[in-house]
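Colleague: I am new to this structure and would like to go through it step by step. Could we look at it together?

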Amino acid sequence: MSRLAVAFSGPSNSGKTTLIEKISNLLKDELKVAIIKHDPKDKAIFDKDGKDSKRFFDSGAETIVVSPTRTSYFSHKSRDLDELIELFGKFDLLMVEGLKSWDLPRISVFREEIDESYLDYSNAIAIDKSVDIDRYNIPQNIDLLDLNDIKMIKEWILKYAKRV
């Protein structure tokens with residue numbers, strides 16, 4: 001399989017992370033999955049004050065921490081898609097949460113209501129029964145997916161994901 005990439009967008013607490021996690025768990029035995037999560041408000045905390053890796057990063061250095069079970073890379077520069085693909089190396093499927101400016105097939109996730117501002121860059125929307133779809137005028141070129149049917153979403157991804 002060629003390397004494929006797909007993106008997910010949606011309001012906070014819509015279920016993007018949970019959906020990506022479910023898809024990753026479903027595919028983990030057949031595909032090597034990579035995930036990029038956007039942190040637009042720069043609020044994620046990766047290490048604690050006083051720890052060596054935080055001290056190294058705070059010194060201004062690009063920092064990599066290697067242990068027997070993981071490798072963590074801390075950079076002072078935002079990376080574009082191509083640079084991140086190089087960092088990941090080998091993978092089959094890359095899932096990106098956020099980063100709506102990146103040119104990737106995109107599933108937007110909604111619960112309760114659809115924020116129509118997402119539709120301009122969505123190729124599909126994933127909703128559950130809490131959304132009254134009849135209240136919205138969804139363009140015909142946007143596929144409608146059942147947020148709780150992970151296999152349906154997996155099939156959409158494998159059909160429409162972009163080769164990278």
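Colleague: In which helix is the place of Lys154?

Modeller: This is a predicted model, in which local features need pLDDT of at least 70 and side-chain atom pairs count only at pLDDT 80 or more, while totals for chains, interfaces and linings use all residues. Residues are numbered from 1 along each chain as its sequence is written, and side-chain values use heavy atoms, with hydrogens and water left out. Helices (H or I, at least four residues) and strands (E, at least two) are DSSP runs numbered from the N terminus. On that basis, the element that holds Lys154, covering residues 150-160, is helix H4.

Colleague: Does Lys154 count as buried or exposed?

Modeller: The terms rest on relative accessible area, with buried meaning under 20%, exposed over 50% and partly exposed in between (1.4 Å probe, protein chains only). Because its relative accessibility is 15%, Lys154 counts as buried.

Colleague: Which residues is Lys154 in contact with, leaving aside its neighbours within four places in sequence?

Modeller: Contact means heavy atoms within 4.5 Å. With those sequence neighbours left aside, the residues in contact with Lys154 are Leu26, Leu27 and Glu30.

Colleague: How many helices and strands does the secondary structure of the protein come to?

Modeller: From the N terminus on, the elements run β-α-β-α-β-β-α-β-β-β-β-α-β. The secondary structure therefore comes, under the DSSP definition of helices and strands, to the totals asked for. These are four helices and nine strands.

Colleague: What percentage of the residues of the protein count as buried?

Modeller: The C-alpha trace spans about 55 × 35 × 25 Å along its principal axes. Of the 164 residues of the protein, the share that count as buried is 38%.

Colleague: Where is Asn13 found, and what is its relative accessible area?

Modeller: Asn13 has a positive phi of about 65° although it is not a glycine. The place of Asn13 is in the loop between strand E1 (4-9) and helix H1 (16-27). Asn13 is exposed, because its relative accessible area is 77%.

Colleague: In which strand is Val66 found?

Modeller: Val66 is exposed, with a relative accessible area of 62%. The strand in which Val66 is found, covering residues 63-66, is E3.
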